[in-house]
Amino acid sequence: MQMLSLKASGGQDQTPKAQVESSSSIPMVVLKVFFPSCCSSAESGLLVGHWIPEQNSAVILAVVHFPFIPVQVKQYLSEVRQVTQVNVSVLGTWSNCKKKEESLSEFLEDLGTIFSHEPWIQLCKETDSKFWSCSIIQKHPSTPKEDEIILVYYDQRKVMLSHLHPPGNLTNSTDHKAEDASKLAILFDTVAKSKVLFMKDRYDDGPIKLTHWQSEGVEASIIVELMKQASIPVCMLLTFLLSFVSSVCKSRVLKFWPLSFIWSKLSTCEQLGHRLEHLQVISSNRKAQNQPQLMRKANIFVSLLADVALGILLMSWLYRKNRIGHLADTLIPAADHVAKELQDLLQWLMGVPAGLKMNRALDQVLGRFFLYHIHLWISYIHLMSPFIEMILWYVGLSACLGLTVALSILSDIIALLTFHIYCFYVYGARLYCLKIYGLSSLWRLFRGKKWNVLRQRVDSCSYDLDQLFIGTLLFTILLFLLPTTALYYLVFTLLRLLVVVVQGLIHLLVDLIDSLPLYSILLRLCRSYRLAAGVKFRVLEQKTGKPLRLLMQINPLSYGSVVQTYRLPTYSCYPKDSWGSLCKKLFLGELIYPWKHKGEKQD
């Protein structure tokens with residue numbers, strides 16, 4: 001066991017608010033009794049609980065009132081043990097009398113012979129004094145010295161409903177901290193497994209009357225019960241619809257090349273598939289096996305509700321005051337303005353940009369090539385202009401599926417509207433990459449080296465005079481054409497990166513909504529004791545010759561730990577490249593794809 005070191009907050013008050021922290025080990029003569037605070041005003045009777053011999057501790061779970069028949073009490077506790085798998089037994093007696101009666105004291109001592117448990121705890125609440133008396137009776141005492149007793153009060157309801165989280169740095173912590181965590185886990189697990197014992201209140205017809213945190217009546221809600229009954233047909237209907245949608249998604253039609261490529265590259269399809277998996281988790285009739293699975297289901301359910309609610313708010317805002325019509329009328333002039341700015345940029349590049357002397361022929365070819373693409377793009381936009389308002393009207397309806405779906409559609413619309421910029425970036429990157437690799441290959445020719453494709457390494461090689469002459473000629477041509485190509489590549493790469501940053505911010509918002517554990521955060525805000533990180537102790541009374549009385553309080557989990565523990569997995573659309581690899585790709589002209597392959601889950 002371990003010693004409790006008391007750090008008082010100051011003063012000589014009878015109830016100092018001191019924190020109790022674990023320290024070094026203490027002798028085995030110290031006995032700790034965890035007593036539920038709801039039983040402080042209970043009538044006299046038997047103390048029912050669980051004895052933990054490794055910790056020399058007793059966890060009191062309930063008080064059996066007088067009168068009772070010992071055989072019936074033993075039979076009832078035997079049934080509780082079979083259901084809960086907890087060794088629940090009679091640990092002692094509880095006395096709460098206004099006047100001290102000799103006959104009652106003798107009767108309580110005699111009960112120790114009927115319920116043979118060692119040690120036998122006799123706890124008495126003295127009416128005339130605020131201190132309690134506690135004595136331990138042992139038939140076979142190990143030491144002649146009287147045991148020192150620590151009486152710890154705990155809120156049975158909070159301990160019952162809370163879930164104790166182990167420390168995050170348990171592997172790096174000391175041995176006594178790991179031992180403390182395991183001891184607390186045993187206490188919380190004992191109370192949680194004894195749920196059947198708390199289902200019996202004082203209104204039940206039976207020979208045994210108990211006092212515990214639900215003795216005044218089982219805690220329940222009519223609204224919750226009605227929702228449980230209504231959720232059964234809803235889940236059955238949702239399961240049928242999801243099975244139909246899943247069979248359609250898994251059909252062979254979607255596995256052909258065009259549809260499979262679109263499904264894997266569009267953000268909207270990725271998000272719909274992600275939400276489909278969430279709906280399958282929620283509508284599953286498989287019961288959650290443990291607390292993390294239950295919290296995951298609750299977090300997904302609340303996340304879906306919040307997502308759909310935000311989407312409906314966005315949809316209601318879009319359809320008010322003809323905002324979609326105004327948006328459609330603004331879209332065409334905005335596209336014309338972007339095209340005009342790109343044309344001005346190309347005219348600037350075809351001249352003398354920043355005073356740089358470019359290759360005239362290549363500059364004119366590239367400039368006219370890109371100008372022709374802009375002309376095609378503007379023609380396509382004006383061709384689609386009569387249908388844009390209708391398209392936006394139907395796209396706005398998709399917001400009822402959730403704000404994340406609407407944001408994903410917005411990202412895909414931005415990708416379609418900036419497709420000409422992406423084409424410019426691909427043309428410039430391929431041309432620049434071709435020249436970079438050509439120059440590097442010709443540079444190896446000057447040094448008498450070559451790239452061995454089979455062995456993937458650079459080997460020595462001898463070249464004749466004609467090969468060296470042609471290599472020098474090609475190297476000179478590529479070197480003098482490189483500045484013109486590099487300038488076009490630089491400009492269109494910056495434009496492409498701007499589009500990627502905008503799409504990246506949208507997907508960060510989508511990932512935030514998908515992964516944020518809203519239910520856990522609300523639970524931490526409203527009922528912080530449900531997510532326990534540990535406990536702390538406060539000294540109530542301390543007097544020589546009387547048991548030390550402590551109050552156990554639950555330390556809630558921090559908000560950062562809540563988010564880190566219950567964060568939902570997401571499907572990120574952007575690769576997590578390091579800055580070094582990103583700069584290397586940009587320098588070598590390798591394409592930066594704004595997607596990842598489907599199935600790469602990010603935690």
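Which residue forms a salt bridge with Lys-340? In this predicted model, the partner is Asp-344, and the closest N and O atoms are 3.3 Å apart. Both residues belong to helix α9. They are four residues apart, so about one helical turn separates them. Lys-340 has a relative accessible area of 48% and is therefore partly exposed. Asp-344 is also partly exposed, because its relative accessibility is 39%. Salt bridges that share partners occur elsewhere in the chain, where they join Arg-275, Asp-307 and Asp-514 into one network.

Side chains of opposite charge can pair when their charged atoms come close. The count of salt bridges in the model comes to six. One of them is formed by the side chains of Arg-275 and Asp-307, with an N to O distance of 3.1 Å. This pair links distant parts of the chain. Arg-275 lies in helix α7 (residues 267-283), Asp-307 lies in helix α8, and the two are 32 residues apart. Arg-275 has a relative accessible area of 6%, so it counts as buried. Asp-307 is buried as well, because its relative accessibility is 1%.

Arg-275 also meets Asp-514 in a salt bridge, here at 2.9 Å from N to O. Again the pair links distant parts of the chain. Asp-514 sits in helix α13 (residues 465-515), 239 residues from Arg-275 in helix α7. Both Arg-275 and Asp-514 are buried.

Helix packing was examined next. Two packed helices are described by the angle between their axes and the distance between the axes. Helix α10 packs with helix α12 (residues 419-446) at an angle of about 155 degrees. Their axes are 10 Å apart. Angles over 145 degrees count as roughly antiparallel, so α10 is roughly antiparallel to α12. Their crossing is right-handed.

A second pair consists of helix α14 (residues 518-526) and helix α15 (residues 559-566). The axes of α14 and α15 come within 9 Å. They cross at roughly 150 degrees. The two helices are therefore roughly antiparallel to each other. The crossing of α14 and α15 is right-handed.

Helix α10 (residues 360-397) also holds Tyr-394. This residue is part of a nonpolar patch on the surface. Tyr-394 itself has a relative accessible area of 52%. The cut-off for an exposed residue is over 50%, so Tyr-394 counts as exposed.

Backbone angles were considered last. Most residues other than glycine have a negative phi. Asn-56 has a positive phi, near 55 degrees. Its place is in the loop between β4 (45-52) and β5 (57-65). The relative accessible area of Asn-56 is 12%, so this residue is buried.

Asn-322 likewise has a positive phi near 55 degrees. This residue is found in the loop between α8 (291-318) and α9 (323-349). Asn-322 counts as partly exposed, because its relative accessibility is 47%.

Conventions:
Residues numbered from 1 in each chain as written. Predicted model: local features only at pLDDT ≥ 70, side-chain atom pairs only at ≥ 80, totals over all residues. Heavy atoms only, no water. Patch = residues over 30% accessible without salt bridge, like charges linked within 9 Å, V, L, I, M, F, W, Y side chains within 5 Å. Areas by Shrake-Rupley, 256 points an atom, 1.4 Å probe, with all protein chains shown as cover. Salt bridge = Lys/Arg side-chain N within 4 Å of Asp/Glu carboxyl O. Buried < 20%, exposed > 50% of the residue type's maximum accessible area, 1.4 Å probe, protein only. Axes fitted to C-alpha atoms, helices over the stretch in contact; angles between N-to-C directions. Parallel < 35°, antiparallel > 145°, perpendicular 65-115°, else oblique. Left-handed = near helix turned anticlockwise from the far one by under 90°.
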